[in-house]
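Please look through the sequence and the structure shown here before reading on. The explanation that comes after them is meant to be read with both in view.

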Amino acid sequence: MLTSVETDLIRVLADPLRMTIVNLLARETLCTTHLVEETGARQTNLSNHLRVLRDAGVVDTEPCGRFTYYRLRPDVLAALAGQFAELAETARATAAADAKRACP
């Protein structure tokens, strides 16, 4: 069963721009300037999305002079993937057992 933490994380990752950011950060650590170039999003919009990802624990920050670099936290995504794998296994077992609740 997914907890409220995982459900909140799913909501965070459901946004298309945030998912684009996650995909980019999976490949390399980037600063806001790089992400603006890659996504075409406005800097203020991108900063808001990065704050949401940071608050959700999906990314870590690393100050470097006047820039802030963002790095993906793969452990957070791996934990979520594990929850989905467990959910899929439960669904397989339910389907194999043909378990269904009778209607009243």
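The paragraphs below take up the sheet, the packing of helices, the nonpolar core and some single residues in turn.

The structure is a predicted model. Strands of a sheet pair through backbone hydrogen bonds, and the pairing may be parallel or antiparallel. Here, 3 strands make up an open sheet in the order S1-S3-S2, with antiparallel pairing. Strand S1 (30–31) and strand S2 (59–64) are at the edges with a single partner strand each, so one side of each has no neighbour in the sheet. Helix H2 (residues 16–27) packs on this sheet and touches S1, S2 and S3. The direction of H2 makes about 90° with that of S3.

The pairing of S2 with strand S3 (residues 67–72) can be followed in detail. These two strands are antiparallel and are joined over 6 bridges. In this arrangement, Asp60 stands opposite Arg71 in S3. S2 and S3 also form a hairpin, with 2 residues between them. In the turn of the hairpin, Gly65 has a positive phi of about 65°.

The next topic is the packing of helices. Two packed helices are described by the angle between their axes and the distance between the axes. The axes of H2 and helix H4 (residues 43–55) come within 10 Å and cross at roughly 75°. H2 and H4 are therefore roughly perpendicular to each other, since an angle of 65 to 115 degrees counts as such. From H2, the residues Leu17, Arg18, Ile21 and Val22 take part in the contact, and they meet Asn45, Leu46, His49, Leu50, Val52 and Leu53 in H4. By type, the residues of this contact comprise 7 nonpolar, 2 polar and 1 charged.

Which residues of the largest nonpolar core touch the most other members? This core has 20 residues, and the ones in question are Ile21, Leu25, Leu35, Leu53 and Val58. Two or more residues are given to the core by each of helix H1 (4–13), H2, H4, S3 and helix H5 (74–97). H2 supplies the largest share, namely 5 residues. As a general background, nonpolar side chains in soluble globular proteins tend to be buried together.

Some single residues complete the picture. Leu25 touches Leu30, Leu35, Val59, Tyr70 and Leu72, when residues up to four places away in sequence are not counted. Leu72 itself is found in strand S3. Is Leu72 buried or exposed? Leu72 counts as buried because its relative accessibility is 11%, and the limit for buried is under 20%. Leaving aside neighbours within four places in sequence, Leu72 is in contact with Val22, Leu25, Ala26, Val58, Val59 and Leu77. Leu72 and Arg101, which are 29 residues apart in sequence, are 42 Å apart in space, C-alpha to C-alpha.

Two histidines may be considered as well. His49 lies in helix H4 and counts as buried, because its relative accessibility is 11%. Apart from neighbours within four places in sequence, His49 is in contact with Asp15, Leu17, Arg18 and Ile21. His34 is found in helix H3 (residues 32–39) and is partly exposed, with a relative accessible area of 29%. From His34 to Phe84 there are 50 residues in sequence and 31 Å in space, C-alpha to C-alpha.

Conventions: Residues are numbered from 1 along each chain as its sequence is written. This is a predicted model: local features need pLDDT of at least 70, side-chain atom pairs count only at pLDDT 80 or more; totals for chains, interfaces and linings use all residues. Side-chain values use heavy atoms; hydrogens and water are left out. Two strands pair if DSSP finds at least two bridges between them. Helices (H or I, at least four residues) and strands (E, at least two) are DSSP runs, numbered from the N terminus. Contact means heavy atoms within 4.5 Å. Axes are lines fitted to C-alpha atoms, for helices over the stretch in contact, and angles run from 0 to 180 degrees between N-to-C directions. Angles under 35 degrees count as roughly parallel, over 145 as roughly antiparallel, 65 to 115 as roughly perpendicular and the rest as oblique. Ala, Val, Leu, Ile, Met, Phe, Trp, Tyr, Cys and Pro count as nonpolar, Asp, Glu, Lys and Arg as charged, and the others, Gly among them, as polar. A nonpolar core is a set of buried Ala, Val, Leu, Ile, Met, Phe, Trp, Tyr and Cys residues joined through side-chain atoms within 4.5 Å. Buried means under 20% relative accessible area, exposed over 50%, partly exposed in between (1.4 Å probe, protein chains only).
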